[in-house]
Amino acid sequence: MTKNPFTLFSEPIQKMGGMSQFSYGIRVFIALCGAMALSWGIDKIDWVIPLFLGVIASALAETEDGWQGRVRTLLITLVLFLLTAFGVQALMPYPWAFGIGIAVIAFSLTMTGALGRRYSLIAQATLILAVYTMIGLNQVTHEMPIWYEPVLLTVGALWYGILSVIWAALFVHVTLRQALASLYIEIGLYLKLKSTFFPPPSSAAVDTLRLALAQQHGQVVLALNKVREILVSRIGSSPGNPRLGRYIRFYFIAQSIHERASSSHYNYSDLADTFFHSDILFRLQRQLSESGTSCRKIGEAIQGEHAIDLRDSEEAVAGVVKSMEYLEREVHPVQWRLFRSLRQLTDNVVGLQQELDKIPQLEDESVVDASVQIPQPSMTLRSIWGQIIDQLTPRSQVFRHAVRMSIALTCGYAIIQKMNIDVGYWVLLTTLFVCLPTFGSTRKRLYERMVGTAVGLVVAWSLITLFPMQPVQLVLAVVAGVVFFTTRTHRYVLATAAITLMVVCCFNQVSDGYDVILPRLIDTLIGSAISWLAVFFILPDWSYRQLPMTFAEGMRRSAEYLRELMRFYQEDSVDEQIYRRSRRRAYNADALLTSTLVNMQQEPGHYRTDTELWQRLVIRSHTLFNYIAAFSVHRGTLIEQSSNQVLADASAYIVESLENIAQSLEQKQRFTFKLTVFEQWQATLESGTTEEDERHYFVRSQLQSLFDQLKEIQHLTHELQLQVHGDKLKSAQ
């Protein structure tokens, strides 16, 4: 299988279009060169700064839509840019009105983040353009027409927007391919990590590995959500596109692989003890590791760089099958019960390889029901307004960040006015880039911004001294702008240094660049300090406060997921869309719980409360989720047996218990459970007969594993409530 089914283009320029960061840099390079050529050609070199800044703002607002979506986004962006720029110019002579305007605009635009990432990007870019307008107006040394700054900024934004639309039309599925490639690579990393559980590590290392697995699971969920978001935008514009149908199949296969990879079957330690003298667990370890490698190869193939070769994982799974065939002939009667669990585990691994084997055979196909498979969200004025209204509460992270940004920017403006800082609007720009929704991310960005600015200023001073020629400095500005956009998501220190170099080189064309070096450094320090104070004192998002509710949401979504899954075993016809929605909610809730714990670990020491206890809760929650996910792998209607109702009642008891845990945390009630009832259910499940068919045995053994995890979660929840609330707990009604 060496043929690469993913190659979309054969020409070199088409291959370049598939490289996300590289293509991003090419667009920025063309846009900046065009702006520079225009300014140079008409002998208006002072136009360079507003045109460059407009290009940057537009590039920051770029979304991952198709070309039709980008046209709509560009129109919205240009209208907002033009209104904001003229508004800033009109209010700047009136400090009080300007301060109030900053507060209102910052809050309003930040709240649009409730509508999704697309509108959050546009809002952020609009605020950045507002500050760019302030910087431009602040540098004017002589009378300028009223249209000068707003129009030139908007023209720069329009120029980049046109390039973005053309690029999206030429390379229709570039962003989708990149997102799919990242998804398969993340799944590959998850499989590699999962393979370390075979044979099971020492008991001391298990919890560390499970926590790492939960964190990587969160990365996979983020990648899945990104692909789904892009697919939703594509389905709306070209639902019958055959290649899109193929990519939808990629997405669903990735979902299936992830679901199989995240499933847990029985207790791996018990399996290792029972089959200690067999090589089966080592073969499982190799197969999962090779499957992870295959997923990475698939991701690289989607990017058009390599052909697919699944031979290693196919050979590994063949070894698993042969080992199981030998065990089935040699297994002793006392091992039979666990052999059935082992067979379910190996069936899942074989099924995972079968999903991988589907990929090389995929071809373009029209998917007429694409919008049914991936439902489109309704976007009416009423729904948009409703989403924003729902977030107007201190419990909402979007609301808290909007309030924080509003106050921080207003305070920054007040400092500029009070201290009469000549080149002071970089204070606001730093605040916009540094002040992020969480303390951990803000602290990291603050450090990167300050270091990058210092490095960039030193480099800028050196280069404008060594190369005083205007053409060379303009070339340096263009190169620095490209470096900023190609590195800003992964190497922010380098990106900040690059954009600082670009700013100094540009200002050196219209004034003395040396004069902005010290103000840039001071403004960055002031803006960073404001950001730190804002995230620390203004409606702070301390994760330890969010964890109980996040954990409760995780328990509730896991209960919903289990309830929907059990319908596959009890009913002949199940609504697939309801199941998928419950699965997506459960995956997102599990990922959110893990990321909240990670955020807490980045916060100041006195806000990292009960870290060890929360780690255990996150580990148990994720393990519970893994056992639930296994039901999706083997789902199918149970044939009628006397134990059917027992299994249904046992699963209903687990669902009810998880919902009770969630309710007790949400209402701060003392969590209690009847130990005798719990133990009766455990005893009932353990007393199942050996004559059960494979599916009945699987359901019973998985429910036993869920009861084991539920017992641990109940004890940990009770311990958590005592530590957090103590005597303040209300008695359960």
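Select Glu259 and Arg583 to begin: both residues are buried, where buried stands for under 20% relative accessible area, exposed for over 50% and partly exposed for what lies in between, with a 1.4 Å probe and protein chains only. Their side chains meet in a salt bridge at 3.0 Å, N to O, a term that requires a side-chain nitrogen of Lys or Arg within 4 Å of a carboxyl oxygen of Asp or Glu. Glu259 belongs to helix α10 and Arg583 to helix α24, so the pair ties together parts that are 324 residues apart in sequence; helices here are DSSP runs of H or I with at least four residues, strands are runs of E with at least two, and both are numbered from the N terminus.

Before going further, note that this is a predicted model, in which local features need pLDDT of at least 70 and side-chain atom pairs count only at pLDDT 80 or more, while totals for chains, interfaces and linings use all residues. Residues are numbered from 1 along each chain as its sequence is written, and side-chain values use heavy atoms, with hydrogens and water left out.

Which residues in α10 meet α24? Select Phe252, Gln255, His258 and Glu259 in α10, and across from them Tyr579, Arg580, Arg583 and Tyr587 in α24, contact being defined by heavy atoms within 4.5 Å. By class, this contact has 3 nonpolar, 2 polar and 3 charged residues, where Ala, Val, Leu, Ile, Met, Phe, Trp, Tyr, Cys and Pro count as nonpolar, Asp, Glu, Lys and Arg as charged, and the others, Gly among them, as polar.

Now turn to the other salt bridges, of which the count comes to 17 by the rule already given. Select Glu62 and Arg27, whose side chains meet in a salt bridge at 3.0 Å, N to O. Glu62 lies in the loop between α3 (48-60) and α4 (67-91) and Arg27 in helix α2 (residues 20-41), so this pair ties together parts that are 35 residues apart in sequence. Glu62 counts as buried at 17% relative accessibility, and Arg27 counts as buried at 6%.

Move on to Arg616 and Glu719, which meet through their side chains in a salt bridge at 3.4 Å, N to O. Arg616 lies in helix α25 (residues 611-633) and Glu719 in helix α28 (residues 694-724), so the pair ties together parts that are 103 residues apart in sequence. Arg616 is partly exposed, with a relative accessible area of 29%, and Glu719 likewise counts as partly exposed, at 30%. Leaving aside its neighbours within four places in sequence, Thr73 is in contact with Ala61, Thr63, Asp65, Arg118 and Ile122. Finish at Val174 in helix α8 (residues 174-195), where the C-alpha atoms of Val174 and Ser23, 151 residues apart along the chain, are separated by 9.3 Å.
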